[in-house]
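Please look over the sequence and the model shown below before reading on.

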Amino acid sequence: MRIGHGYDAHRFTAGRPLRLGGVEVPHTQGLEAHSDGDVVIHALCDALLGAAGLGDIGRHFPDSAAEYAGIDSRKLLRRVMALLRERDLAVVNADLTVVAQQPRLAPHIPDMESRLAQDLQVPVQRVNVKATTSEGMGFVGRGEGIAAHAVVLLEERPAPPTADV
Ligand code: MG
């Protein structure tokens, strides 16, 4: 078993859709980033890479690379999963916390969980997404941005042999 932790925060900016956990959440502004700004998936990728001992998301997908401009973060997540599979690592479960003062995220959590479970290749019961405010304190409380935390557990599990022997 291997445990990993990830944290990310992004600043709000006008004129972009708000993407969180692979879901477009209706809001007046989105998050500033080189990619689509999905802070939840970025924290999750860092937790997965951390558990695998593979560094962090910036090392694998540098924001100086044009190929990642505006990229759907679910694609980054699926690439991280491919790196894990190469090392016979599979996800046991993932637990995520999104810290946002606005908008209200509760109605979108089931969608986030099902999309993330799909990308992580686990049953949806193995993915838990929680949302909280920061009670008006700090940068999140002032509505300057959104933060996300992720914890994952991986296990070493060899991929099933292919049939083409
Ligand atoms: Mg990020």
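What follows is a short account of the sheet, the helices, the nonpolar core and some individual residues.

The model is predicted. Five strands make up an open sheet of mixed pairing, in the order β4-β1-β7-β5-β6, and helix α4 lies across two of these strands, β5 and β6. The largest nonpolar core has 49 residues, and helix α1 contributes the most to this core, with eleven residues.

**The sheet**

- In the order β4-β1-β7-β5-β6, the edge positions are taken by β4 (30-31) and β6 (127-132), and because each of these has a single partner strand, one side of each is left without a neighbour in the sheet.
- Strand β1, residues 2-13, runs antiparallel to strand β7, residues 145-156, and the two are joined by ten bridges.
- Within this pairing, H5 has V151 of β7 as its bridge partner, while G4 stands opposite V152 in β7.
- Strand β7 also pairs with β5 in the antiparallel sense, over ten bridges, and here A94 stands opposite V152 in β7.

**Helices and their packing**

- Helix α1 comprises 14 residues, 39-52, and spans 20 Å from its first C-alpha to its last, close to the 20 Å expected at 1.5 Å a residue.
- Since 13 of its 14 residues are buried, α1 is largely enclosed by the rest of the structure.
- Just after α1 comes G53, which takes a positive phi of about 70 degrees.
- Helix α4, residues 109-120, lies across β5 (89-99) and β6, and the helix runs at about 145 degrees to β6.
- Helix α3, residues 73-86, meets α4 with the two axes coming within 9 Å and crossing at roughly 35 degrees.
- On the α3 side this contact is made by R74, L77, R78 and M81, and on the α4 side by R115, L116, Q118, D119 and L120.
- By class, the residues of the contact of α3 with α4 divide into four nonpolar, one polar and four charged.

**The largest nonpolar core**

- Among the 49 residues of this core, those that touch the most other members are L20, L48 and L120.
- Two or more residues come from each of β2 (18-20), β3 (23-25), α1, α3, β5, α4, β6 and β7, and α1 gives the most, with eleven residues.
- In soluble globular proteins, nonpolar side chains tend to be buried together.

**Two buried residues**

- V92, which has its place in strand β5, has a relative accessible area of 14%, and therefore counts as buried, the cut-off being under 20%.
- Apart from neighbours within four places in sequence, V92 is in contact with M1, R126, L153, L154 and E155.
- The C-alpha atoms of V92 and E155 are separated by 6.4 Å, although these residues are 63 residues apart along the chain.
- H42, found in helix α1, is buried as well, with a relative accessible area of 8%.
- When residues up to four places away in sequence are not counted, H42 touches D8, H10, S35, G37, I57 and S73.

**Backbone details in the loops**

- The peptide bond from Q102 to P103 is cis, with omega near -10 degrees, and P103 has its place in the loop between β5 and α4.
- Q121, in the loop between α4 and β6, has a phi near 60 degrees, which is a positive value in a residue other than glycine.
- At 55% relative accessibility, Q121 counts as exposed.
- E135, in the loop between β6 and α5 (138-141), likewise has a positive value of phi in a residue other than glycine, near 55 degrees.
- With a relative accessibility of 66%, E135 counts as exposed.

Methods:
Residues are numbered from 1 along each chain as its sequence is written. This is a predicted model: local features need pLDDT of at least 70, side-chain atom pairs count only at pLDDT 80 or more; totals for chains, interfaces and linings use all residues. Side-chain values use heavy atoms; hydrogens and water are left out. Two strands pair if DSSP finds at least two bridges between them. Helices (H or I, at least four residues) and strands (E, at least two) are DSSP runs, numbered from the N terminus. Contact means heavy atoms within 4.5 Å. Axes are lines fitted to C-alpha atoms, for helices over the stretch in contact, and angles run from 0 to 180 degrees between N-to-C directions. The expected span of a helix is 1.5 Å times one less than its number of residues. Buried means under 20% relative accessible area, exposed over 50%, partly exposed in between (1.4 Å probe, protein chains only). Ala, Val, Leu, Ile, Met, Phe, Trp, Tyr, Cys and Pro count as nonpolar, Asp, Glu, Lys and Arg as charged, and the others, Gly among them, as polar. A nonpolar core is a set of buried Ala, Val, Leu, Ile, Met, Phe, Trp, Tyr and Cys residues joined through side-chain atoms within 4.5 Å.
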